[in-house]
Amino acid sequence: MSNRSMRQEVDNFDSLLGASKLKWDRLALVMPWLVLAASLAATYQLWQHTRQNAAQVLQARFDSLVRDANGRVEQRMAVYEQMMRGVDGLLAHAGSVTRDEFRDYIARLRLKETYPGIQGVRFAPIVPLAQRDKHIAAVRKEGFPGYTIYPEGERGFYTPVIYAEPFDERNLVIFGYDTYSEPVRRTAMERARDTGQAAVTGKIRLLFETDKDAQAGFLMFLPVYKHDAPHGTVAERRANITGWVSSVFRMDDLMNGTLGNLSSDLDIEVYDGGEASDKTVMYDSNPLVQHQHPLFRNFQHISIAGHTWTTSVHSLPSFEAQVDREKPKFIAIAGIGASLLFALLTWLLVHGRALALHAARRMNRELIEREMGLRLAATVFKTVDEAVMVTSPDNRIIAVNPSFTRITGYPPDEVIDKDPKMFSSGKHPPEFFRELWETLTADGTWKGELWNRRKNGEIYVGWFSLNRVYDEKGGLTQHVAVFSDITERKIEEERIRHLAHYDLLTGLPNRTLFADRLRQAIARAQRDKAHTALMFIDLDKFKPVNDTFGHEVGDLLLKEVAKRLQDCVRGSDTASRL
């Protein structure tokens, strides 16, 4: 029951004192129970609202973890694709690559440390039927007398795996295997060949898997074309392809290395294609967990090298236990106590005499004011995670809460009666604040991001909600600012955006950003009937630099080339590393 309603009930009691004794007696019996019922109903509504807010906070965290999990998978597979393009460059540009050269190149990649989750990198050339025997004899001459192409049978051409690194017990099983002979692998190989892009197979059982610790697997293929031959169309790509580079993955090993500790609170499942069933499941972080009634769940489709995976994420009891139950519990206890108190006060008001009625009314009024003060001090200023700053109508600070001190570093005694301009970071122009105040004055509220400065000089970004508070007569009494520190989230968003559009080594725009800017440049040139210049630069004799001085020196050379290219072009031009 609100304060105004309580005071109204007190006034009603005063008028009823002059009624008949019978009516008074009936009121004495009924009124306390009505007050108790109304107070308990209000307590229930507040308790329910608090529970829903706690669940919404946990839902937001769950959604963030789901985005993080899917983003990790997509980013990790994009990194693996870039690694394979390096192998493609070795095979396409070096002409004939020996087994030792291939082994040395893959060894320098340090797959286990740099690309965890990859079981091996392979190369399978196209061997026409007429050259099969000659090919087998050549490989046997290299020191593999038992080598042959399998499965047996005559086909128009073969794609035997001749290079597989690391060349350990597992990859020995695949040596000589005609990858194109298996339908699932063949589908991905054809898609890679015709598009010129990396392609992922559906769910398969890897040849080296045994019944012990068996896992679902898949392969990623990248086509290798003749270096000097065109491959701009599907027909040209089919005519000039020489083979495929492939990477092999065991799903459990890949996902465990990618997701890290995310699976401790979430059950993450990955399915092949758009159907989620026992037949298509590729990975289950907690296979023993049965999802009867999880509190949170999420289904999404993600694209991995042109192939669709379905991710299913369910919350585990350990995650659901993180919901804030203390605040609803406090609301329930305090509300029941207040309801009983209101009912008792009502009983005293009804059964007392005029003096008792007056005393009860005064006590009730004091309790209401005290409760309002305590609720403001305890609930708003001490329990919320967001910072709260209250200013006067002339915008002087009159109150701040502990979270304000935690975020800004300023204790209350250093900011009271000060202008909030003291926190300005200088990142916003005057027009920004003029529009802010115009919106706040017109609508009574404003929400958005503000860059401010902490006491230690550090600049941070906060998500602000500004509101104007009015009295019953419509006069402005206060400004209330509620904000939270979102600096880490902004940094993470910028990092993800940078990883998606810029080369990790040189900092230049990557293939994705380059393609977007090229489309814009072409569209602008067509609109203005102008010309656009496009220049490809290759580094001659770069491989001897890596082979002689190591990849660290090669990386330094690439960074210096990138820097000099940027120094040679205008700010409106784009220098990219493909």
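Helices here are DSSP runs of H or I with at least four residues, numbered from the N terminus. By that numbering, L109 is found in helix 3, which covers residues 99-109. The model is a predicted one. Its chain has 18 helices and 16 strands, and buried residues make up 39% of its 578 residues. Among the contacts with a separation of 6 or more, 59% join residues 24 or more positions apart.

- L109 has a relative accessible area of 13%, and buried means under 20%, so L109 counts as buried.
- Leaving aside neighbours within four places in sequence, L109 is in contact with M83, V87, T114 and Y115.
- G86 lies 23 residues from L109 along the chain, and the C-alpha atoms of the two are separated by 9.9 Å.

**Helix 5**

- Helix 5 spans residues 132-141, and its buried residues are R132, H135, I136 and V139.
- The buried residues of helix 5 pack against helix 3, strand 2 (127-128) and strand 3 (157-158).

**Helix 9**

- In helix 9, which runs over residues 251-259, the buried residues are M251, L254, M255, T258 and L259.
- Viewed down the axis of helix 9, these buried residues fall within an arc of 105 degrees, so they line one face of the helix.
- Just after helix 9, G260 has a positive phi of about 65 degrees.

- An open sheet is formed by 4 strands in the order 9-8-11-10, with antiparallel pairing.
- Strand 9 (281-284) and strand 10 (297-304) stand at the edges with a single partner strand each, so one side of each has no neighbour in the sheet.
- From one strand to the next, the twist of the sheet averages 20 degrees.
- Strand 8 (residues 266-272) pairs with strand 11 (residues 307-315) in the antiparallel sense over 7 bridges.
- Within this pair, D267 stands opposite H314 in strand 11.
- Helix 9 packs on the sheet and touches strand 8, strand 9 and strand 11. The direction of helix 9 makes about 45 degrees with that of strand 9.

**The cavity**

- How many cavities of 30 Å³ or more does a search of the whole structure find? The search finds 1.
- The largest cavity has a volume of about 50 Å³.
- Its lining consists of A69, N70, V73, M255, L259, I268, V270, I302 and T311.
- Helix 2 (21-93), helix 9 and strand 8 each supply at least two residues of this lining.
- The largest share of the lining, 3 residues, comes from helix 2.
- M255 and L259 belong to the lining of the largest cavity and are also among the buried residues of helix 9.

Conventions:
Residues are numbered from 1 along each chain as its sequence is written. This is a predicted model: local features need pLDDT of at least 70, side-chain atom pairs count only at pLDDT 80 or more; totals for chains, interfaces and linings use all residues. Side-chain values use heavy atoms; hydrogens and water are left out. Buried means under 20% relative accessible area, exposed over 50%, partly exposed in between (1.4 Å probe, protein chains only). The arc is that of the directions from the helix axis to the C-beta atoms. Two strands pair if DSSP finds at least two bridges between them. Axes are lines fitted to C-alpha atoms, for helices over the stretch in contact, and angles run from 0 to 180 degrees between N-to-C directions. Contact means heavy atoms within 4.5 Å. On a 1 Å grid over the protein atoms alone, a cavity is a set of points where a 1.4 Å probe fits but cannot get out, and a pocket is an open set with protein on both sides within 12 Å along at least five of seven lines; lining residues have an atom within 4 Å of a point. Grid points are joined across faces, edges and corners, and a volume is the space filled by probe spheres set on the points.
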